[in-house]
Amino acid sequence: MTESNFLKFTNRAGWSFSWTTLYFLFALPLIAGAKQDHNETPLELSGYSLSESYQVDDDQPLNFESPILKQLLYRARNTSPKSRARYSQFSQATTWRDMTSQTEDFRFWTFNRPALLTKIEKHAFKQDTSDEEIKGVYVCHCESVPHSTEDSTTPPQKLIVLSRTVPKALPVNTEINQPIRISGFLYSRALEAEGSRLVFITDRIQWYPQEKTDKISANQVELSKLGFDLGLIDSVRKNNARPLMGQDAEAFFQMLAAMNRFAGTPENLFKEPAEALSFSDIFSGSPEYFGDAVHLQGVIRSCSPVTIPHQDIQERLEISQYYQLMIFPDLGGAKIIIRGKDGSELDYQRFPITVCCTELPNGMTAQEIERKQCVIDGYFFRFWKYQSARTDLVESAGQLSPLVIAKQPVLVETGIDVLDRGLLFFVLGTMALVIFLISYFRFVDRNQKPPLENILENLPEKIDISGIDG
């Protein structure tokens, strides 16, 4: 259409629009929509911009030496569960099919998805400088697991997850079949011999074993089924015998949340109760015992409610409070001697155990369970160190105590409790008998008339007095 024809058309219709006006009327909604579709907020956590995301090429062999790939590994290491949970909300509605067909639109977004781990390989970087902190990466071969109803119609896809660390209990270069979760960045669609693979970058994979192995007990599997990431035990083991720190805070709160989810009675917590650790087992020092089931008995010295101040923990793990108990087990006259690295010794005839539980016995307060005998079925977290009056007196670095996480303490009766109850029942029974006898005799006395009253009641209506001289 020429300019004259256009002018004639608008003149006949009486319109006053120009080409510029029409362009803005139709193009602005498209521009606005494009801007919304390419919102940079979902990829902010990666530290990269939208323009930088286009520097990664898809359908090319994976380049492990890419500066962007390495930088994302460092970025993933510095992200917290809180921030990953927040940014993964943007990708909740994204399907596996969307990621595969529109990888460039979701690059550097944060995803939190279940997957199936089939094999782990280790890849070392070519060291350009000796001061690089991350010297290699674990290449985790995985398969996708349906995330939504739409995903259920999509065949499982082969995935590659590049992770800075993996759980130490998982074998390398071995075919496996383990449920995991990916919490990290979508990086690219890489070309492999068998076809294209989505590539994710994360700091660590979350591990939820569903079957017992030579390294995972049946009771740990039950803990995993309650939502505890068993791979976190590595960080717990690393911080053993130290004060509670931020490095294993996620493991601590996850284990509490797992106990909170358990719907059964405390006595039915374990699948194999006979395999639960004893008090002496804990002190054997085996590193395999962290995160395993434990069965203890002792007297509750103190019980204090603790409020969790972290809003993230309250919302993400759905737990806002727990109870901290100090328990003294019966050592049977034995002594426990703790030797410090400096050669100092502390001996105990009563050794404290710290128990953190999510509930108290029904209807009881924290004060009411103190000085009661109890049984604890829970999971051994690790040894932790805290300041106490005794350690301050000898200028020790702190009091060492096993930390156990449980559902609730189960109160039990001791021999003294049974004797006291029997004596109480005897005294109450005697008092009841005395009260009954007193009441009975009072009732009988009230219903038995004196002799004069009986005589009057038996007199005839008329008395014949004839034959008696006046």
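This is a predicted model: local features need pLDDT of at least 70, side-chain atom pairs count only at pLDDT 80 or more; totals for chains, interfaces and linings use all residues.

Author: Residues are numbered from 1 along each chain as its sequence is written, and side-chain values use heavy atoms, with hydrogens and water left out.

Reader: How do you know what confidence the chain has?
Author: From pLDDT, the predictor's confidence in each residue, from 0 to 100. The chain averages 82, and 73% of the residues score at least 70. Confidence is lowest in helix H15 (residues 451-458), with a mean of 35, and highest in strand E6 (residues 206-207), at 98. Over residues 390-395 the pLDDT is below 50, and this stretch has 10 contacts in the model beyond near neighbours in sequence; a contact means heavy atoms within 4.5 Å.

Reader: What makes something a helix or a strand here?
Author: Both are DSSP runs, numbered from the N terminus: helices are H or I with at least four residues, strands are E with at least two. The chain comes to 15 helices and 14 strands.

Reader: Why is lysine 70 called buried?
Author: Buried means under 20% relative accessible area, exposed over 50%, and partly exposed in between (1.4 Å probe, protein chains only). Lysine 70 has a relative accessible area of 11%, so lysine 70 is buried. Lys70 is one of the buried residues of helix H4 (residues 67-77), which also include Ile68 and Leu69. The buried residues of H4 pack against several elements, among them helix H3 (50-53), helix H5 (81-87) and strand E2 (136-144). Across the 470 residues of the chain, 41% count as buried.

Reader: What makes glutamate 65 and lysine 70 a salt bridge?
Author: The term asks for a side-chain nitrogen of Lys or Arg within 4 Å of a carboxyl oxygen of Asp or Glu. For glutamate 65 and lysine 70, the closest N and O atoms are 2.9 Å apart, and the pair forms a salt bridge. Glutamate 65 itself has 25% relative accessibility, so glutamate 65 counts as partly exposed. The structure holds 17 salt bridges.

Reader: Which parts of the chain does the pair of aspartate 203 and arginine 164 link?
Author: Their side chains meet in a salt bridge at 2.5 Å, N to O. The pair links distant parts of the chain, with aspartate 203 in strand E5 and arginine 164 in strand E3, 39 residues apart. Aspartate 203 is buried because its relative accessible area is 12%, whereas arginine 164 counts as partly exposed because its relative accessibility is 28%.

Reader: Where do arginine 316 and aspartate 312 lie?
Author: Both are in helix H12 (residues 311-316), 4 residues apart, about one turn of the helix. An α-helix has 3.6 residues a turn, so residues three or four places apart point the same way. Arginine 316 and aspartate 312 form a salt bridge, with the closest N and O atoms 3.0 Å apart. Aspartate 312 has 17% relative accessibility and so counts as buried, while arginine 316, at 27%, is partly exposed.

Reader: Why is threonine 414 called partly exposed?
Author: Threonine 414 has a relative accessibility of 25%, so threonine 414 counts as partly exposed. Threonine 414 lies in the loop between strand E14 (410-411) and helix H14 (415-447).
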